[in-house]
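Trainee: I have this model open and would like to go through it with you, a piece at a time. Could we start with how the helices pack?

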Amino acid sequence: MRLVVPFAPGGSVDGMARILAQRLQEALGQSFVVENRSGASGAVGGNSVARGESDGHTLLFSASIQAVQRLVLKNPGYDPLTDLRPVARVGQAPVLLLAAKDRAEQGIEQVVAAARAEPRRWSFGTGALGSAGHLATVEFIRKLGVDLPVVPYRGTAPALADLLAGTIGLLFDPVLATLPPVLGGQAQGLMVSSAARNPAVPQVPTTAEAGFPGVDIQTWWAIWGPRALPDAVAETLNRALAAILPDPALRARVASLGIETLHQQGPALDAFIRQEYARTQELLRLAGFEPE
């Protein structure tokens, strides 16, 4: 089984995919190989699955961005809502706002004041247009009331590298990818988009505590197949996921990375994706975002 990840290695999508692929391999007794096919905010990998064989041997593992590509790309090359079949949603997590550790400004209050005074010093990186990190970025900028530059990257890893090097000033991304540099002292965590403080970074205030209520964007991860994916394959995967995802050992492992596991499928998942699409459409409209 090939599990296509439409982003570069080292990001939150890749990390979660590899955790789940290992458990699925153990549960089903079949090899699962993660294949990274990055580019165009996930559209390159999404296209490869949507236009590929429907024999059930190739699946897509991606984040919330996959459902809203039509809102951020003028021509993704396929329609994620009609050319892919959602199989299961498996987890969710907040995004964390980072700044480089060696900046003179420390903490969200100082950074906000500096960004309002000198916006060109505080460019935002984003791992992919339409990602949860990007949506949190546009909502934060809208609430800040200052136009900060936004620089798109081909995945979290290169964006994070530029943040640590000082090339960009700020980065919103899921806790899974941003936690290591915060815990390692290489970056400062400014705020996290959860209702309560995240146990992985309890010292970091929530967006509401930091004065930015409404910047509560969460990322989520799901498995998709081609539209004609056989029902038997989807059913087999969901039976395995129903056994894997509630496992205390797995839940504890991903909780330490700031992730909450869940299992959603069928009509409930279809309705959730439609709701997310409508919410994203409104966020981008309020921000005046134009597809690229």
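Trainee: How do α1 and α9 lie relative to each other, roughly parallel or roughly perpendicular?
Mentor: Keeping in mind that this is a predicted model, the axes of α1 and helix α9, which spans residues 231-244, are 10 Å apart and pack at an angle of about 105 degrees. Angles from 65 to 115 degrees count as roughly perpendicular, so α1 and α9 are roughly perpendicular to each other.

Trainee: And which residues make that contact?
Mentor: From α1 the contact takes in Leu 20, Arg 23, Leu 24, Ala 27 and Leu 28, while α9 brings Thr 236, Leu 237, Ala 240, Leu 241 and Ile 244. Sorted by class, the contact of α1 with α9 has 8 nonpolar, 1 polar and 1 charged residues.

Trainee: What about α1 and α10, at what angle do they cross?
Mentor: Helix α1 (residues 12-28) and helix α10 (residues 248-255) have axes that come within 12 Å and cross at roughly 165 degrees. That angle makes α1 roughly antiparallel to α10, and the crossing in which α1 passes α10 is right-handed.

Trainee: Which residues meet there?
Mentor: On the α1 side they are Met 16, Ile 19, Gln 22 and Arg 23, and on the α10 side they are Leu 250, Arg 253 and Val 254. The residues of this contact of α1 with α10 divide into 4 nonpolar, 1 polar and 2 charged.

Trainee: Switching to α7, which of its residues are buried?
Mentor: In helix α7, residues 156-165, the buried residues include Thr 156, Ala 159, Leu 160 and Leu 163. They cover an arc of only 100 degrees around the axis, which puts them on the same side of α7.

Trainee: What covers them?
Mentor: Among the elements covering the buried residues of α7 are the strands β4 (84-100), β7 (170-174) and β8 (187-192), together with helix α8 (175-183). If you then follow the chain past the end of α7, you come to Gly 166, whose phi is positive, near 85 degrees.

Trainee: Is each of them buried, exposed or in between, and what are the values?
Mentor: Ala 40 is partly exposed, with a relative accessible area of 43%, whereas Ser 41 is buried, with a relative accessible area of 14%.

Trainee: Last one: where is Thr 207, and what is it in contact with?
Mentor: Thr 207 is in the loop between β8 and β9 (218-226), and this loop residue is buried, with a relative accessible area of 3%. Leaving aside neighbours within four places in sequence, Thr 207 is in contact with Met 191, Val 192, Ser 193, Phe 212, Pro 213 and Val 215.

Conventions
Residues are numbered from 1 along each chain as its sequence is written. This is a predicted model: local features need pLDDT of at least 70, side-chain atom pairs count only at pLDDT 80 or more; totals for chains, interfaces and linings use all residues. Side-chain values use heavy atoms; hydrogens and water are left out. Axes are lines fitted to C-alpha atoms, for helices over the stretch in contact, and angles run from 0 to 180 degrees between N-to-C directions. Helices (H or I, at least four residues) and strands (E, at least two) are DSSP runs, numbered from the N terminus. Angles under 35 degrees count as roughly parallel, over 145 as roughly antiparallel, 65 to 115 as roughly perpendicular and the rest as oblique. A crossing is left-handed if the near helix is turned anticlockwise from the far one by less than a right angle, and right-handed if clockwise. Contact means heavy atoms within 4.5 Å. Ala, Val, Leu, Ile, Met, Phe, Trp, Tyr, Cys and Pro count as nonpolar, Asp, Glu, Lys and Arg as charged, and the others, Gly among them, as polar. Buried means under 20% relative accessible area, exposed over 50%, partly exposed in between (1.4 Å probe, protein chains only). The arc is that of the directions from the helix axis to the C-beta atoms.
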